[in-house]
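Please look over the sequence and the fold shown here before reading the notes that follow.

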Amino acid sequence: MNLHICLVSDQLLANYIPVIMDRPDQVHLVSSAYMVNKGMTARFRKMLEQQGFSVFQHDNMPDHDIGGIRRFAEQLWEAVDKQVPDDPAITLNLTGGNKLMTLAMWDVFKGIVERIVYTDTFNNCIEYLHDQTREPLRSVLDIPQYLQAYGVKFLQALSDDEEWLAAVNQRKPVSKYLAENAERLGDFIGVLNKLANDTLEEENHRLLLRYPTQYFRNPPRGIWRDALRQLQQSGLLKWDGDREVTFTNPETVRYLGGIWLEEYVYLIARDANPEHVACSVKINWDSSRNATNELDVILVHHNRMLVIECKTLRFGNDQQKDSDMVYKISDLGDDLRGLFGKTWLVSAREPTPRLLDRAKSRRLAVISAAGLKDLRRSILDWMDGG
């Protein structure tokens with residue numbers, strides 16, 4: 001009989017990963033009243049039971065008063081001892097809980113259990129405290145599991161749809177062209193966004209293509225002409241060679257209105273070959289199941305998550321709006337990624353110094369037009385632990 005005893009905390013993955021690696025016969029969850037009331041214990045139990053584990057709860061461990069915590073730990077051992085056969089192989093995970101809880105559990109269990117472990121997320125390993133050895137964390141998480149640990153339900157991803165994938169692959173040369181020339185095409189991207197959006201009209205909560213023919217203010221020249229030729233040759237719009245452009249269908253309108261960047265980021269990320277990658281991911285929250293969010297691109301690699309949000313809008317016109325966008329993206333990333341992940345803003349336009357300062361203060365990395373050509377290297381560096 002092999003069992004794990006885990007102190008439940010906000011960071012469930014530090015307990016979850018060793019359990020998945022070791023596959024014990026039983027998992028015993030030890031929780032303070034605060035963790036139970038916060039819903040962390042129920043969430044952790046659900047995650048484990050979905051993976052087929054037999055789970056036992058030991059609730060209301062004191063989180064202060066070392067004497068009371070120690071008495072609870074002694075009673076916990078008596079309860080566990082009665083539930084299991086003779087000489088079980090017990091692993092005590094001390095990653096969760098506060099310092100007093102950890103000290104009391106160490107004091108009571110150190111002469112009883114076979115292993116005492118601590119998950120070192122920063123160095124990506126399990127520290128075996130009983131014999132001072134360590135083991136690298138194995139890759140065990142996919143995107144739905146990672147999200148579930150933070151109270152988020154994975155609903156669906158467009159990248160799981162074969163027809164969508166075929167269309168994205170067909171548009172890949174155009175997406176690559178726009179991204180690799182984004183520094184020179186900044187104003188063109190802005191005008192294209194506006195023209196594409198001006199074709200649409202909302203009716204019964206649906207966007208319909210009402211005004212497919214639009215006009216540039218002046219006849220395009222230079223690289224703008226080159227870009228329009230690329231778009232026309234790919235069948236994404238019709239251009240008369242002068243000021244008039246005609247958009248052909250709602251899907252290409254969405255693409256030319258900014259979705260091309262999301263597709264480019266997904267294709268580059270996919271080609272970097274992480275363990276898991278998804279695009280246009282719909283999620284909702286345990287705390288608000290009626291509120292649905294959509295995430296542009298998500299990667300999970302070696303138990304770490306990277307959330308990428310993509311923007312083609314111009315910065316600097318409204319500094320408050322720019323700041324609000326940074327705060328929204330960083331807050332969403334904080335809610336999703338925990339200790340194991342990062343959030344990036346990938347932009348086809350150059351950010352203002354003020355926006356970069358805001359992003360830096362919120363630990364939000366920004367990759368702008370100049371960095372799009374090297375996006376694959378940036379993703380590979382992240383996959384390598386950077």
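## Briefing on the predicted model

The largest cavity holds about 30 Å³ of space, a cavity being a set of points, on a 1 Å grid over the protein atoms alone, where a 1.4 Å probe fits but cannot get out, and a volume being the space filled by probe spheres set on the points, which are joined across faces, edges and corners. This is a predicted model, in which local features need pLDDT of at least 70 and side-chain atom pairs count only at pLDDT 80 or more, while totals for chains, interfaces and linings use all residues. Residues are numbered from 1 along each chain as its sequence is written, and side-chain values use heavy atoms, with hydrogens and water left out.

**Cavity**

- The structure holds one cavity of 30 Å³ or more.
- Q319, D322, S323, T352, R354, L355 and R358 line the largest cavity, where lining residues have an atom within 4 Å of a point.
- Helices α11 and α12 (353–361) each supply at least two residues of this lining, helices (H or I, at least four residues) and strands (E, at least two) being DSSP runs numbered from the N terminus.
- By class, the cavity lining has one nonpolar, three polar and three charged residues; Ala, Val, Leu, Ile, Met, Phe, Trp, Tyr, Cys and Pro count as nonpolar, Asp, Glu, Lys and Arg as charged, and the others, Gly among them, as polar.

**Largest pocket**

- The largest pocket contains about 730 Å³ of space, a pocket being an open set of points with protein on both sides within 12 Å along at least five of seven lines.
- Its lining comprises 22 residues, of which I259, E262, D296, C310 and K311 lie nearest the centre of the pocket.
- The elements that give two or more residues to this lining are α10 (250–271), β15 (288–301), β16 (304–311) and α11 (319–337), and α10 gives the most, with seven residues.
- Nine nonpolar, six polar and seven charged residues make up the pocket lining.

**Chain as a whole**

- The secondary structure of the chain comes to 13 helices and 18 strands, and the C-alpha trace spans about 85 × 40 × 35 Å along its principal axes.
- Of the 386 residues in the chain, 50% are buried, where buried means under 20% relative accessible area, exposed over 50%, and partly exposed in between (1.4 Å probe, protein chains only).

**Salt bridges**

- The structure holds 18 salt bridges, each a side-chain nitrogen of Lys or Arg within 4 Å of a carboxyl oxygen of Asp or Glu.
- R115 pairs with D22 in a salt bridge whose closest N and O atoms are 3.0 Å apart; R115 lies in strand β5 (residues 115–120) and D22 in helix α1 (residues 13–22), so the pair ties together parts that are 93 residues apart in sequence.
- E49 and R45 meet in a salt bridge (2.8 Å, N to O), and, being four residues apart in helix α3 (residues 40–50), they are separated by about one helical turn.
- E49 is partly exposed, with a relative accessible area of 40%, and R45 is also partly exposed, at 25%.
- R70, E74 and D107 are linked in a network of salt bridges.

**Nonpolar surface**

- I66, L100 and L103 make a nonpolar surface patch of about 260 Å², for which nonpolar side chains (Val, Leu, Ile, Met, Phe, Trp, Tyr) are joined within 5 Å when their residues have over 30% relative accessible area and no salt bridge, with areas from the Shrake-Rupley method and a 1.4 Å probe.
- L103 lies in helix α5 (residues 99–109) and, at 54% relative accessibility, counts as exposed.

Terms used. Patch = residues over 30% accessible without salt bridge, like charges linked within 9 Å, V, L, I, M, F, W, Y side chains within 5 Å.
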